[in-house]
Amino acid sequence: MNIVREHRAGRRLLVMTTNLDTQRAVVWNIGAIASSDRADALPLIRRILIASASVPGIFPPVSIKTVVDGRPIVELHSDGGSSAQFFTLPEHLIVAPDHAGEENLHIYVIINNALIPEFSMSPGKALPIMARAYAILLKSQTKQGLIALYNFGQRSGVELDIASIDQQVPYSMADPLNGAYMRAVYGIGYQKALGGSLWAQRPEFIVSRRYVAKQ
């Protein structure tokens, strides 16, 4: 299995889900599971991947069997985006006051979303309004995570590169994986990569301002 080979070569494939029972993010080491001798390794990996893509309210959560304090239980897991939009380092490391000596660390973050405000008329129906509100929540959560990561990089000397969608491309919440939309977004990324402008060293929504004292 390719995952096993790459894991043994030192690469790590980490997938995050949200445990709905404990309200905690769970980071799964897929390579370690695939390399284990457990009989259910492949079915477990499949369930983890399905859970990580199960957006609440759109797809049902996935049940995963585990053992807690010696007792078998069944947990419900869904999209890791409910806990955090991306995973780089444990939270206690990001908020730590001093992390000198991390200069060799270079973090690349790809955000498959637009962080800019996107205008759209919201129909006066419950489900579209809920979907719109959830999208706003995810965007705000992503921004807060990037700000924390950017501040961590400034404190510790860690290099940071961020890629995100910086143009508004119309889409429908009822059909988020529409082919035309996906091709348009791909085209934006492709052209930015060709032009050497794909990566930004700071979140684009952070604007430097100068405050001049009034005389």
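Strands here are DSSP runs of E with at least two residues, helices are runs of H or I with at least four, and both are numbered from the N terminus. Two strands pair if DSSP finds at least two bridges between them.

**Ground rules.** I'm working with a predicted model, where local features need pLDDT of at least 70, side-chain atom pairs count only at pLDDT 80 or more, and totals for chains, interfaces and linings use all residues. Residues are numbered from 1 along each chain as its sequence is written, and side-chain values use heavy atoms, with hydrogens and water left out.

**Confidence.** I checked pLDDT (the predictor's confidence in each residue, from 0 to 100). The chain's mean is 83, with 89% of residues at 70 or more. Residues 208–215 fall below 50, and beyond near neighbours in sequence I find one contact (heavy atoms within 4.5 Å) for that stretch.

**Hairpin.** I looked at β3 (residues 62–68) and β4 (residues 71–79), which run antiparallel and are joined by seven bridges. They make a hairpin with two residues between the strands. In that turn, Asp69 has a positive phi of about 55 degrees. Val68 stands opposite Arg71 of β4.

**Asn19.** Next I went to β1 (residues 14–19), where Asn19 sits. Asn19 is buried, at 4% relative accessibility (buried is under 20% relative accessible area, exposed over 50%, partly exposed in between; 1.4 Å probe, protein chains only). A polar atom of the Asn19 side chain lies 2.8 Å from the backbone nitrogen of Asp21. Leaving aside neighbours within four places in sequence, I listed its contacts: Arg24, Val26, Glu75, Leu76 and His77.

**Salt bridges.** I find four in the structure, taking a salt bridge as a side-chain nitrogen of Lys or Arg within 4 Å of a carboxyl oxygen of Asp or Glu.

- Arg38 meets Asp40 at 2.7 Å, N to O. Arg38 is partly exposed at 40%, and Asp40 is partly exposed at 34%.
- Asp166 pairs with Lys192, their closest N and O atoms being 3.0 Å apart. Asp166 is in the loop between β6 (159–165) and α6 (179–194) and Lys192 is in α6, so this pair ties together parts 26 residues apart in sequence. Lys192 is buried at 13%, whereas Asp166 is partly exposed at 26%.
- Salt bridges with shared partners join Arg5, Glu6 and Arg11 into one network. Within this group, the side chains of Arg5 and Glu6 meet at 3.8 Å, N to O. Arg5 is partly exposed at 49%, as is Glu6 at 29%.

Key
A polar contact is a pair of N or O atoms within 3.5 Å; within protein, one must be able to donate a hydrogen and the other to accept it, and residues adjacent in sequence count only if both atoms are side-chain atoms.
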